[in-house]
Amino acid sequence: MKILAIETSCDETAVAVLEAECASEKTAFTVLGNALYSQAAKHAEYGGVYPNLAKREHQENLVPLTVRALTEANLLQSAPKPTMINHSGFGGIRDEAFRNASIDFVNRYTKPDIDLIAVTSGPGLEPALWTGVSFAEALGAAWDIPVVGENHMEGHVVSALLEKEAADTVVMNRYSIREPEFPVLSLLISGGHTELVFAGDWFEYELVGRTRDDAVGEAFDKVARILGLPYPGGPEVAKAAASARARGGKNPVQLPRPMAGDDTGDFSFSGLKTAALYLVREKNTLSEEDIGNVAREFEDAARDVLVAKTARALEATGAKTLAVGGGVSANIHIREGLETLIADRFPDVALLYPGTDLTGDNAVMIGAAAYLRHQAGKSKTSPKGGLAAKGSLSLA
Ligand code: KG4
Ligand code: ZN
């Protein structure tokens, strides 16, 4: 089964073509084509994601990226003469230039050998989500291929289950699904979300806790901005923190660990960011060493809170697997904190992460999650043209 997957929930425009196989109980995916464009540099001057810019960029890039992914997959052939396609589905694309580019695209090529189109339908920035959803629905109508909506956060959960197989000379990009032992606790940490989600079984979610204000990735981005580091701030803060740690010694600055010891599953990161802001304001000039110290203490505080809340949730739920996903799961210091927690206090719990190629937003995880749902008969299908983008879509 071949899946065309589309992700436009935030500031990455991503299109992937996956071939899924389900042999002897093991599900595997070969990535036949993968085209991803990060808008991060364009949003950098705003210090965060600017929704209307994200939408415009998705509109401009979706067609070229789809052409690229399908070409890479060897599934695109020029039509001998313009095909007579069903244009009805293109009415959902509101922007005229984007609509015309989409119509032109399906006219230029013959229908590709795709069985399912999967698109992120939420959560995320609604104008950005609609770009992907309307495009996916238009392609589905033109090619008469079913379209399913996929939850972005479920994509991040599934990214932790994808294990890259050793590259051989024939197939480079192959992932198999690690079957988790249930119950599974997922720690989802990204620029838009921070949540702990419990799953008693496949696709059966309960929310354990989530941030009451900023997401942890958002806090990394804001602290980076306070320190004069570029967007996206997560990797920059991590780098500055690592060099401060390498210098050694006790950190002269201190930040709070908001909500770390309370009896809820919830998080709060906005106070931590504000405390970092006050630390910086106290200083007239900010030396390289100051930047490193604040970054180090902020990263320590974020890690302490994430570890404390995860420990509490593991205890409360008796989960057998901890799956970590989202952009912040790339953070080495946080990974080490979680590894120590599991080794010291929960040695029977399996800890799963995505590979570094799948921590950030991507379309591979969306296609994989949609396929797993499809196989289980739990696809989020809707009548043709009826798929809606939902900014606040929840897993639970
Ligand atoms: O999952 P993601 O790519 O997009 C959303 O769905 O939000 O996450 C992006 C977030 C950004 O806030 C970015 O700063 C953060 O992930 N991030 C990191 C690291 N790499 C990316 N945060 C901390 N350490 C990192 N190494
Ligand atoms: Zn994400």
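One definition before anything else: buried means under 20% relative accessible area, exposed means over 50%, and partly exposed is in between, with a 1.4 Å probe and protein chains only. Now the ground rules. This is a predicted model, where local features need pLDDT of at least 70, side-chain atom pairs count only at pLDDT 80 or more, and totals for chains, interfaces and linings use all residues. Residues are numbered from 1 along each chain as its sequence is written, chains are lettered from A and ligands numbered from 1 in the order in which they are written, and side-chain values use heavy atoms, with hydrogens and water left out.

Overall picture. The protein has 11 helices and 13 strands. Those are DSSP runs numbered from the N terminus: helices are H or I with at least four residues, strands are E with at least two. The radius of gyration is 22 Å, close to the 21 Å from the globule rule for 396 residues, so the protein is as compact as a globular protein of that length. That radius is taken over C-alpha atoms, and the rule is 2.2 Å times the number of residues to the power 0.38. The C-alpha trace spans about 70 × 50 × 40 Å along its principal axes.

How much of the protein is buried? Of its 396 residues, 55%. Next, contacts, meaning heavy atoms within 4.5 Å. Take those between residues at least 6 apart in sequence: 75% join residues at least 24 apart.

Surface and charge. The accessible surface comes to about 16,900 Å², and carbon and sulfur atoms hold 49% of it. That is Shrake-Rupley with a 1.4 Å probe; for residues, only the protein chains shown count as cover. There are 38 positive and 52 negative side chains, and the centres of the two sets lie 3 Å apart. Lys and Arg count as positive, Asp and Glu as negative; His and the chain ends are not counted. Each charge is placed at NZ of Lys, CZ of Arg, CG of Asp or CD of Glu.

Glu57 is in helix H2, residues 51-72. Is Glu57 buried or exposed? Buried, at 7% relative accessibility. Its side chain makes a polar contact of 3.4 Å with the side chain of Lys42. A polar contact is a pair of N or O atoms within 3.5 Å; within protein, one must be able to donate a hydrogen and the other to accept it, and residues adjacent in sequence count only if both atoms are side-chain atoms. Beyond four places in sequence, Glu57 touches Thr13, Tyr37, Gln39 and Lys42.

Arg373 sits in helix H11, residues 364-375. Arg373 is buried too, at 8%. Which side chain does the side chain of Arg373 meet in a polar contact? Glu154, at 2.7 Å.

On to a strand. Glu19 lies in S2, residues 12-23. Glu19 is partly exposed, at 27%. Arg174 is 155 residues away along the chain, yet the two C-alpha atoms are separated by 9.4 Å. Leaving out residues up to four places away, the contacts of Glu19 include Met1, Lys2 and Phe29.

Next, the loop between H2 and helix H3, residues 96-108. Ile93 lies there. Ile93 is buried, at 1%. With neighbours within four places set aside, Ile93 is in contact with Phe98, Arg99, Ser102, Ser134, Phe135 and Ala138. Asn74 is in that loop as well. Asn74 is exposed, at 70%. Its phi is near 65 degrees, a positive value in a residue other than glycine.

Another loop, between H7 and H8. Met259 is found there. Phi of Met259 is also positive, near 65 degrees. Gly261 belongs to this loop too, with H7 spanning 233-247 and H8 270-281. Gly261 is exposed, at 77%.

Last, cis peptide bonds. Phe182 and Pro183 are joined by one, omega about -5 degrees. Pro183 is in the loop between strand S7 (174-177) and strand S8 (184-189). The bond from Tyr231 to Pro232 is cis as well, omega near -5 degrees. Pro232 is in the loop between helix H6 (216-226) and H7.

That's my tour. Over to you.
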